[in-house]
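Me: I would like to learn how to read cavities and helix packing. Please take them one at a time.

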Amino acid sequence: MGNKERAKERREKRLQEISLLRTIPYSDHQRVLCCTCMWIVNCKLEFWGIWFVRGLRWWSSETVAVVTGGNRGIGFEIARQLADHGLTVILTSRESSAGLEAANALKELGLSVDYHQLDVLDSLSIKKLAEWIEQTYGGIDVLVNNAGVNYNLGADNSVEHAQNVVATNYYGTKNVSQALIPLMRPSAVGARIVNVSSRLGRLNGRRNRLEDKDLREKLANLETLSEELIDRMVSTFLQQVEEGTYPSGGWPQMFTDYSVSKLAVNAFTRLMAKMLSDRPDGQKIYINCYCPGWVKTAMTGWAGNISAEDGADTGVWLALLQDQAITGKFFAERREVNF
């Protein structure tokens with residue numbers, strides 16, 4: 001069996017395990033799952049292959065979650081699953097007609113879903129959303145930054161739309177987060193931010209990483225990581241794209257613009273976790289990011305190998321995670337992976 005076959009086998013096994021985990025209902029009492037050779041990230045006790053999972057339901061119908069780009073694909077699934085767990089979800093999208101249609105489809109299932117238009121590229125649109133949330137709900141408890149774009153499919157690696165990719169994926173995530181953080185409500189369990197990202201944006205992956213070792217080290221070190229550093233990195237990339245010199249700039253070789261944008265999202269997640277870590281008890285905000293995998297959506301040209309339901313799972317799991325100590329981390333398939 002070759003490396004690709006073994007990797008596929010491991011991935012399929014892990015997805016089967018996650019599917020089994022999703023059958024365990026969240027409840028106010030201890031649940032028991034009998035299994036072998038399974039690792040559950042938030043387990044507390046182990047006894048002869050039986051895992052005791054503490055699944056305290058900390059949320060209610062009054063818990064409000066905002067999902068950006070929720071009209072289709074992973075965003076729609078995240079919105080559906082959060083609402084199915086009993087939260088009130090504010091689904092947002094750039095196009096009002098598509099967003100309203102998606103929200104109404106979830107309402108027909110008996111789920112608590114509201115809608116508001118949001119274009120993450122438009123500062124006025126972000127401001128209007130924040131004002132509406134404050135007037136309508138008073139605040140939020142969960143933010144899922146899912147809105148994103150990618151114009152490359154298969155072996156394509158065009159940077160024709162690099163400006164829009166970076167603006168949407170990185171600056172959109174950053175600007176929405178900074179606008180809505182002041183609206184995140186105090187609670188004993190803490191508010192949560194989940195950024196949908198990608199393994200393509202890892203700093204030290206074996207493939208597709210930055211060639212500039214000095215820049216990698218600065219981005220990896222919390223002492224040198226800053227918003228200015230991240231912004232300067234993406235500005236340098238976009239300038240080189242405009243000049244046509246980016247191929248020799250040491251940037252990731254696969255889906256270059258998308259990878260750089262997600263590298264920036266990952267770095268921003270770690271930076272925000274550090275900045276938010278000093279908040280007092282009762283006002284904590286926990287922020288993490290995750291890779292949904294290669295999902296069968298319009299963004300991948302429906303060529304992915306993971307369903308939108310499976311791709312949304314880790315994002316929902318992070319949003320509802322009981323363990324308050326987890327922040328500034330990167331996850332895939334409910335497992336922490338290195339940035």
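**Cavity and helix contacts**

Reply: By class, 7 nonpolar, 3 polar and 3 charged residues line the largest cavity. Ala, Val, Leu, Ile, Met, Phe, Trp, Tyr, Cys and Pro count as nonpolar, Asp, Glu, Lys and Arg as charged, and the others, Gly among them, as polar. This is a predicted model, in which local features need pLDDT of at least 70 and side-chain atom pairs count only at pLDDT 80 or more, while totals for chains, interfaces and linings use all residues. Residues are numbered from 1 along each chain as its sequence is written, and side-chain values use heavy atoms, with hydrogens and water left out.

Me: What is a cavity, and how many of 30 Å³ or more are there?

Reply: On a 1 Å grid over the protein atoms alone, a cavity is a set of points where a 1.4 Å probe fits but cannot get out, and lining residues have an atom within 4 Å of a point. Grid points are joined across faces, edges and corners, and a volume is the space filled by probe spheres set on the points. Here the count is 4 cavities of 30 Å³ or more. The largest cavity holds about 70 Å³ of space. Its lining has 13 residues, and Cys 291, Pro 292, Asp 310, Thr 314 and Glu 333 are the closest to its centre.

Me: Which element gives the largest share of that lining?

Reply: Helices (H or I, at least four residues) and strands (E, at least two) are DSSP runs, numbered from the N terminus. The largest share, 3 residues, comes from α9. Two or more residues each come from α1 (3–21), β9 (285–291) and α9 (308–320).

Me: At what angle do α5 and α8 pack?

Reply: Axes are lines fitted to C-alpha atoms, for helices over the stretch in contact, and angles run from 0 to 180 degrees between N-to-C directions. Helix α5 (residues 162–180) and helix α8 (residues 256–276) pack at about 15°, with axes 8 Å apart. That makes α5 roughly parallel to α8, a term for angles under 35 degrees. The residues of the contact (heavy atoms within 4.5 Å) between α5 and α8 divide into 8 nonpolar, 5 polar and 3 charged.

Me: How many degrees is the angle between α4 and α5?

Reply: Helix α4 (residues 123–136) and α5 pack at an angle of about 30°, with their axes 10 Å apart. The two are therefore roughly parallel to each other. Ile 126, Leu 129, Ala 130 and Ile 133 of α4 meet Asn 175, Val 176, Ala 179 and Leu 180 of α5. By class, this contact has 7 nonpolar, 1 polar and no charged residues.

Note on methods. On a 1 Å grid over the protein atoms alone, a cavity is a set of points where a 1.4 Å probe fits but cannot get out, and a pocket is an open set with protein on both sides within 12 Å along at least five of seven lines; lining residues have an atom within 4 Å of a point. Angles under 35 degrees count as roughly parallel, over 145 as roughly antiparallel, 65 to 115 as roughly perpendicular and the rest as oblique.
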